[in-house]
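Colleague: Could you take a close look at one part of this model for me? I'd like to hear about the charged side chains and how they pair up.

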Amino acid sequence: MMTCVLETTRLELRPCQIEDVQLVHTLWTNDHIRYFLFDNRVISSDEARSHIEDSLANFEQYGYGLWLVFERTIDHLVGFAGFLHSEEGTPSLIYGIHPDRWGYGYATEAASTVLSYALETLSVPNVRADVDEPNTASVRVLEKLGLRRTGREVVNGHPLLYFEKLRTEDINVRSLDIELALCLNDDLH
């Protein structure tokens with residue numbers, strides 16, 4: 001199994017593991033996180049575990065999944081970023097930052113790091129994202145990352161905006177000073 005730890009000057013992103021289920025469940029049931037992530041529905045611990053299991057399977061099969069995002073200097077969880085696999089095969093960018101860490105640019109930094117990893121390292125041809133239209137902060141993040149808006153739909157009464165970025169487009173992530181995208185083969189440990 002491949003373990004891909006991604007680092008920037010301020011953040012360390014490590015793949016989400018089963019033993020992280022309580023940490024992830026606490027983050028995902030935060031009022032502000034779940035509002036847009038799960039349409040304000042409180043998920044169960046079993047559902048969080050299922051998402052982690054899916055992420056682990058995606059890492060194994062596609063090289064991407066969900067990373068937990070930590071501040072490097074204090075090893076404090078600030079959020080998550082990564083990709084969900086779609087039936088069409090195009091990864092869907094997803095991220096969330098704990099409200100205590102909003103306004104520090106962590107969403108842009110974390111999402112940029114995983115986006116660069118998918119497009120440059122894995123050579124994924126394109127990445128998609130959808131965001132609730134009222135979530136203007138996430139819309140700004142996607143726009144900063146160079147994703148272009150491709151559509152709008154109302155799904156289950158919620159207006160969604162759709163975005164996409166192609167590998168051939170200019171990826172504006174070098175300014176974030178990505179220091180390391182290190183993949184270690186667990187078999188070597």
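Which side chain does Glu88 meet in a salt bridge?

Modeller: Glu88 pairs with the side chain of Arg128, at 3.8 Å from N to O. By salt bridge I mean a side-chain nitrogen of Lys or Arg within 4 Å of a carboxyl oxygen of Asp or Glu. Before going on, a word on the source: this is a predicted model, where local features need pLDDT of at least 70 and side-chain atom pairs count only at pLDDT 80 or more, while totals for chains, interfaces and linings use all residues. Residues are numbered from 1 along each chain as its sequence is written, and side-chain values use heavy atoms, with hydrogens and water left out.

Back to your pair. Glu88 sits in the loop between strand S4 (76-84) and S5, and Arg128 in strand S6 (residues 126-132), so the two link distant parts of the chain, 40 residues apart. Helices (H or I, at least four residues) and strands (E, at least two) are DSSP runs here, numbered from the N terminus. Glu88 is exposed, at 60% relative accessible area, whereas Arg128 is partly exposed at 34%. The cut-offs: buried is under 20% relative accessible area, exposed is over 50%, and partly exposed is in between, with a 1.4 Å probe and protein chains only.

Glu71 counts as buried, with 10% relative accessibility.

Another is Asp20 with Arg14, with 3.1 Å between the closest N and O atoms. Asp20 is buried at 6%, while Arg14 is partly exposed at 25%.

While you have the loops on screen, look at two backbone spots as well. Ser123, in the loop between H4 and S6, has a phi near 55 degrees, a positive value in a residue other than glycine. Ser123 is partly exposed, at 39% relative accessibility. Asn156 also has a positive phi, near 50 degrees, and lies in the loop between strand S7 (148-155) and strand S8 (158-166). With 71% relative accessibility, Asn156 counts as exposed.
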